[in-house]
Amino acid sequence: KGIFIIGSAPSKQEDLRGELGSSKLYGIMRKKLSKRGIDINEDCLYINALCCYPGSTEGKQNKHKPIQLDSCRNNVHNLIKKHKPSVVLVLGMPALMSIIGGRVKFKIDSMEKWRGWQIPDQLLNTYICPMWHSDFLFMNNKNDVADLIFNQDLDNALSFLDKPVKKIDAKKYIKILNKPLEILEVLRNLN
């Protein structure tokens, strides 16, 4: 169906087995998508922003490091380009950083600013749909509002399935000014 799901990182067990599908996030997404007639194994491609478990050998979960995301970013982008999904469900900050990190010049500091949007990505030719990570649901266990937000974001993202990303010709909207007099003229006419 053209759905790409990006989680944060594999669990220790998933990394040791070399297969995805046993994490809490995967289980939540399987149930949520199944209620919408979507089979996560048949209709989706599921990957993580980090290819490896970011924890220690003792099993202690470490917070991801920017260098880890930078190292795995090309993998994420190449898979999106190869499979050409209509929609990319971006679950949590590490997943968001794997998609747009390195392409924006400002600090990406809060999922609150991004979740719920459907961003037509011109470079990847898909809709990027940031959502809360499943940890958000676990931290807000039995919180109807948290579940409602997650479900609304999921439904809004899925509404963009099979909708083409409209290509924007930036040259139509942007004029590059090199001469000081041209720049002054434009600034004077802003009032």
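Predicted model: local features only at pLDDT ≥ 70, side-chain atom pairs only at ≥ 80, totals over all residues.
Of the 191 residues in the chain, 41% are buried. Among contacts between residues at least 6 apart in sequence, 65% join residues at least 24 apart.

**The sheet**

- The five strands form an open sheet in the order β2-β1-β3-β5-β4, and the pairing is mixed.
- β2 and β4 (119-121) sit at the edges with a single partner strand each, so one side of each has no neighbour in the sheet.
- From one strand to the next, the twist averages 25 degrees.
- β1 pairs with β2 in the parallel sense over five bridges, and β1 also pairs with β3, again parallel, over four bridges.
- I6 is a handy landmark here: it stands opposite I47 in β2, and its bridge partner in β3 is V90.
- The antiparallel pair is β4 with β5, held over three bridges, where I119 has I128 of β5 as its bridge partner.

- How many residues of β3 are buried? Five of its five are, so the strand is mostly covered.
- Side chains in a regular strand alternate between the two faces of the sheet.
- In β3, V87, L89 and L91 point one way while V88 and V90 point the other way, and all are buried.
- V87, in strand β3, has a relative accessible area of 0% and so counts as buried.
- Setting aside neighbours within four places in sequence, V87 is in contact with G2, I3, F4, T126, Y127, C129, A157, F160 and L161.
- One of those contacts, L161, is 74 residues away from V87 along the chain, yet their C-alpha atoms are separated by 6.0 Å.
- β2 may be an edge strand, but four of its five residues are buried, so the rest of the structure largely encloses it.

**The nonpolar core**

- The largest nonpolar core has 46 residues, and the members touching the most others are I5, I6, M29, L33, L89 and I99.
- Two or more residues of this core come from each of β1 (3-7), α2 (24-34), β2 (44-48), α4 (66-83), β3 (87-91), α5 (93-100), β5 (126-131) and α7 (144-158).
- What does L89 touch, leaving aside neighbours within four places in sequence? Its contacts are I3, F4, I5, I6, M29, C129, M131, L154 and A157.

**Helix α5**

- α5 is mostly covered, with six of its eight residues buried.
- The buried ones are P94, A95, L96, S98, I99 and I100; I99 is also among the core residues that touch the most other members.
- After α5 comes G102, which has a positive phi near 85 degrees.

- The D121 side chain makes a polar contact with the side chain of R103, at 2.4 Å.
- Not counting residues up to four places away in sequence, D121 touches R103, T126, I128 and V165.

**Cysteines**

- A disulfide is a covalent bond between the sulfur atoms of two cysteines.
- How many disulfides turn up in a search of the whole structure? The search finds zero.
- C44 has a relative accessibility of 11%, so it falls in the buried class, under the 20% cut-off.
- C129 is buried as well, with a relative accessible area of 1%; among its contacts are L89 and V87.

Terms used:
Residues numbered from 1 in each chain as written. Heavy atoms only, no water. Core = buried A, V, L, I, M, F, W, Y, C linked by side-chain atoms within 4.5 Å. Buried < 20%, exposed > 50% of the residue type's maximum accessible area, 1.4 Å probe, protein only. Contact = heavy atoms within 4.5 Å. Pairing = 2+ DSSP bridges. Axes fitted to C-alpha atoms, helices over the stretch in contact; angles between N-to-C directions. Polar contact = N/O pair within 3.5 Å; in protein donor to acceptor, adjacent residues only side chain to side chain. Disulfide = S-S within 2.5 Å.
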